[in-house]
Amino acid sequence: MNESLPSIINDWFAARGWAPRRHQLAMLDAARNGRHALLVAATGAGKTLAGFLPTLADLIEQPTDGLHTLYVSPLKALAVDVQRNLLNPITEMHLDLRVETRSGDTPSNRKARQRIRPPQILLTTPESLSLLLSYPDSETLFAGLRTVVVDEIHAFAKEKRGDLLALALSRLHRLAPGLRRVGLSATISDPDAYRSWLAPDGDIDLVRLVKGDPGADPDLSILIPDGRIPWSGHSGRHAAGEVMKLIEQHRTTLVFCNTRSLAELIFQELWSTNDQALPIGIHHGSLALEARRKVEAAMSEGRLRALVATASLDLGLDWGNVDLVVQMGAPKGSSRLLQRIGRANHRLDEPSKGMIVPGNRFEYLEARAALDAVDARELDPENFRPGTLDVLAQHIMGVACAGPFEENELLAEVRSAAPYAGLTDETWRRVLEFIATGGYSLRAYDKFRRLVEEQPGRWRITRPAIVAQHRLNAGVIVDNPMMDVRFGNGRMLGRVEESYASTLTIGDHIFFAGLGLEVVSMKETDIIVRASSKQARLVTYGGQRMSMSTHLAERVRAFLADESQWHRFPDDVREWLEVQKRRSLLPQPDELLVETFPHEGRHFMCVYSFEGWNAHQSLGMLITKRMETAGLKPLGFVANDYALACYSLEPVADPRPLFSPDILEHEFVEWVEQSHLLKRAFREVAVIGGLVERQHPGKRKTGKQVTFSTDLIYDVLRKYEPEHLLLRAAWDDARARMTELGRLARLVDRAAATIVHVTASRVTPMAVPLMVVIGREAAPAGTADEALLIEAEALAEEAMRLD
């Protein structure tokens with residue numbers, strides 16, 4: 001019996017033989033004292049109940065019929081899952097409480113009813129919350145709001161969705177001054193940074209930090225079939241047979257892949273070795289909602305033996321019957337690995353069981369680094385950045401849709417959100433000017449006039465149609481242009497990118513949604529398919545890959561230099577490093593190894609920097625431009641998370657001039673401006689900032705139409721207004737997010753002083769994983785693996801010879 005809890009809740013705990021955990025009671029104490037709170041607790045520690053316990057206690061002691069608590073999650077699926085799990089204790093306690101979800105999938109009639117008669121507890125996403133705040137009745141709806149719970153806060157606080165949510169929290173605080181903010185997470189390395197993000201005005205002292213008791217250490221291992229690790233590849237598909245055996249031996253297995261394409265590939269590989277015909281499913285963000293919901297329900301009911309998934313299931317879904325998590329390919333970060341492994345067992349006092357399947361030898365080192373980081377309780381670093389201006393523009397429009405606003409009041413409110421604390425008066429005026437006129441170059445067009453200053457310092461919407469347009473197009477997730485994949489009867493399977501669809505013709509065969517399909521016809525936004533058993537190719541997606549985190553990169557560098565660690569590695573990995581040391585060298589952690597050697601009539605330069613695929617892609621572009629200027633006749637480059645290989649007709653005698661720091665001032669700017677990178681970034685900020693609509697009432701624009709519109713505006717602004725607010729925002733995106741400029745800058749900064757250049761007579765052992773993919777890097781995943789393996793073995797034989 002706990003005196004701080006109502007008897008109804010005490011009785012509920014007692015009936016189950018449970019007692020509230022220390023951190024759950026600490027969250028209740030924070031609420032009783034009116035304090036904001038951040039809970040950091042291991043998966044399985046009852047975080048969700050800890051977040052809602054103060055709400056349930058308050059509603060039992062002081063019943064209300066209005067909206068009491070908002071729960072904000074990064075995933076629609078997470079909100080649905082929490083609703084299901086929250087309804088159970090509410091029903092068992094016989095509480096007369098309404099718990100509902102609101103997202104883009106909620107029927108419009110229910111959305112309208114929720115604004116008139118809201119539930120006491122509403123589960124939603126940042127985008128749906130922002131839209132709720134755009135209605136004139138939002139002041140009434142949120143006036144009595146007591147608590148906002150932000151679940152999985154680490155998943156979006158540092159991104160544009162976090163900017164949108166931070167602004168929404170500031171608006172809610174004005175509408176309900178007594179509002180309490182609560183954050184929940186299992187994987188945070190810098191709690192103070194999140195306390196600052198969560199707090200009004202960034203005042204860290206206003207947010208109490210509550211830490212849960214550490215759970216049982218996870219049971220982690222690396223799966224190495226037949227004791228051998230391939231030279232090339234990054235999917236782990238070579239281990240499909242072994243993974244299928246593990247699935248047979250466990251109750252329910254989650255198999256995580258780092259991309260949607262690899263998820264489809266691994267599903268097919270597992271299915272081909274599924275001799276017992278066990279029920280297995282697939283789940284990723286491009287599948288139709290109906291398909292995802294069906295799989296989630298099957299998992300909840302224990303009807304699946306395995307589920308192949310991407311980051312769409314990284315977070316929070318509570319399936320207690322999962323007893324094994326398999327990570328196919330390298331994990332890329334210790335926090336992500338812990339988050340995924342935490343999906344197993346979901347009980348604090350039992351170890352979660354997880355296995356990593358490395359795709360190649362570098363990935364083995366990364367997997368070992370990740371396991372060591374988890375043992376040391378070392379999580380990925382937190383990198384916060386200032387709030388973006390396109391998101392701010394969207395938020396201001398949402399506020400204006402709810403009614404006229406006073407400029408100074410809104411500016412103070414915006415600055416109380418941590419990401420925008422440093423917003424200058426000049427930038428604020430530029431954002432307002434952009435919304436009011438579109439900017440100097442676009443002010444002649446009425447369609448870009450969305451705000452008007454009706455009297456000094458007081459702004460309103462220019463015309464009612466703007467409100468409908470804003471609500472239809474709001475949101476900060478801008479997908480690449482997509483097409484729907486459907487059967488002839490209209491049933492939707494999911495969506496693929498237009499750029500991929502353009503490579504398809506009638507009669508082509510693809511693997512998608514776990515099915516073999518034949519393309520029957522292609523309409524404006526639809527690809528019509530039918531089931532097929534013929535050999536097919538995988539659907540591929542563009543966009544960034546996940547890069548290895550900086551602290552895992554540091555651990556991998558340390559492994560190379562520290563022979564005392566090598567006894568922990570499999571024989572083939574240890575031999576690989578030993579021969580590399582004899583034939584070339586292994587760099588110290590602060591050195592940048594650059595190897596040059598001839599191969600099959602071309603000259604190669606391999607750079608082992610371990611700064612991640614995205615930074616290496618950018619560097620490859622810049623280095624090949626310099627090589628061209630230097631007359632080295634470059635032919636191309638390939639990159640992975642660990643290294644970069646450039647190849648040319650002329651040899652690189654001295655790599656140092658190619659890496660001089662001014663590369664980021666000259667070639668970088670020129671390259672970004674001439675590449676698709678800036679146009680793609682501009683398309684995103686133009687859509688988020690409201691300059692270009694994705695949809696009109698009753699009609700969705702095709703991706704080509706949106707791209708055409710943004711390209712036209714981009715060209716006009718580049719020519720007539722290069723300092724336009726959105727061009728600046730696009731540059732910020734292109735530099736910081738799309739090219740991982742920070743890692744690129746560090747790489748270039750240290751290169752001149754730390755380059756160790758080795759001139760080899762032929763390919764070296766560490767170069768083999770890179771060399772294998774040259775000429776095949778554009779091939780869809782899985783289509784050339786047999787040829788890759790044959791070529792890898794031939795290259796490896798040459799590299800590992802000691803003569």
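This is a predicted model: local features need pLDDT of at least 70, side-chain atom pairs count only at pLDDT 80 or more; totals for chains, interfaces and linings use all residues.
**Exercise 1.** Determine which class of aromatic pair Phe267 and Trp271 form, and where both residues lie.

*Solution.* Step 1: a ring pair is described by the distance of the centres and the angle of the planes. Step 2: for Phe267 and Trp271 these values are 6.0 Å centre to centre and 10° between the planes. Step 3: planes under 30 degrees apart count as stacked, and the pair of Phe267 and Trp271 is stacked. Step 4: both residues belong to helix 11 (residues 260–272), where they are four residues apart, about one turn of the helix. Step 5: Phe267, at 7% relative accessibility, counts as buried. Trp271, with a relative accessible area of 44%, is partly exposed.

**Exercise 2.** Classify the ring pair of Phe559 and Phe569, and state which parts of the chain the pair ties together.

*Solution.* Step 1: the ring centres of Phe559 and Phe569 are 5.4 Å apart, with the planes at 75°. Step 2: an angle over 60 degrees counts as edge-to-face, so the pair of Phe559 and Phe569 is edge-to-face. Step 3: Phe559 is in helix 20 (residues 550–561), while Phe569 is in the loop between helix 20 and helix 21 (571–583). The pair therefore ties together parts that are 10 residues apart in sequence.

**Exercise 3.** State which residues ring pairs link into a cluster, and which ring face Arg361 and Arg471 each lie over.

*Solution.* Step 1: the cluster linked by ring pairs consists of Phe362, Trp576, Phe610 and Tyr642. Step 2: Arg361 lies over the face of Trp231, 3.8 Å from the ring centre. Step 3: Arg471 lies over the face of Tyr135, 3.7 Å from the ring centre.

**Exercise 4.** Describe the largest nonpolar core and the contacts of Phe142.

*Solution.* Step 1: the largest nonpolar core has 111 residues, and those touching the most other members are Phe142, Leu172, Ile396, Leu451, Phe682 and Leu691. Step 2: helix 15 (residues 389–402) gives the most to this core, with nine residues. Step 3: domain 1 (7–211) and domain 4 (584–802) each supply at least three residues to this core. Step 4: leaving aside residues up to four places away in sequence, Phe142 touches Leu67, Leu70, Leu129, Leu132, Leu133, Leu172, Leu175 and Ala176.

Definitions and conventions: Residues are numbered from 1 along each chain as its sequence is written. Side-chain values use heavy atoms; hydrogens and water are left out. A nonpolar core is a set of buried Ala, Val, Leu, Ile, Met, Phe, Trp, Tyr and Cys residues joined through side-chain atoms within 4.5 Å. Buried means under 20% relative accessible area, exposed over 50%, partly exposed in between (1.4 Å probe, protein chains only). Helices (H or I, at least four residues) and strands (E, at least two) are DSSP runs, numbered from the N terminus. Domain bounds come from an automatic or database domain assignment. Contact means heavy atoms within 4.5 Å. Rings of Phe, Tyr and Trp (its six-membered ring) pair if their centres lie within 6.5 Å; planes under 30 degrees apart count as stacked, over 60 as edge-to-face and the rest as tilted. A charge sits over a ring if NZ of Lys or CZ of Arg is within 6 Å of the ring centre and within 35 degrees of the ring normal.
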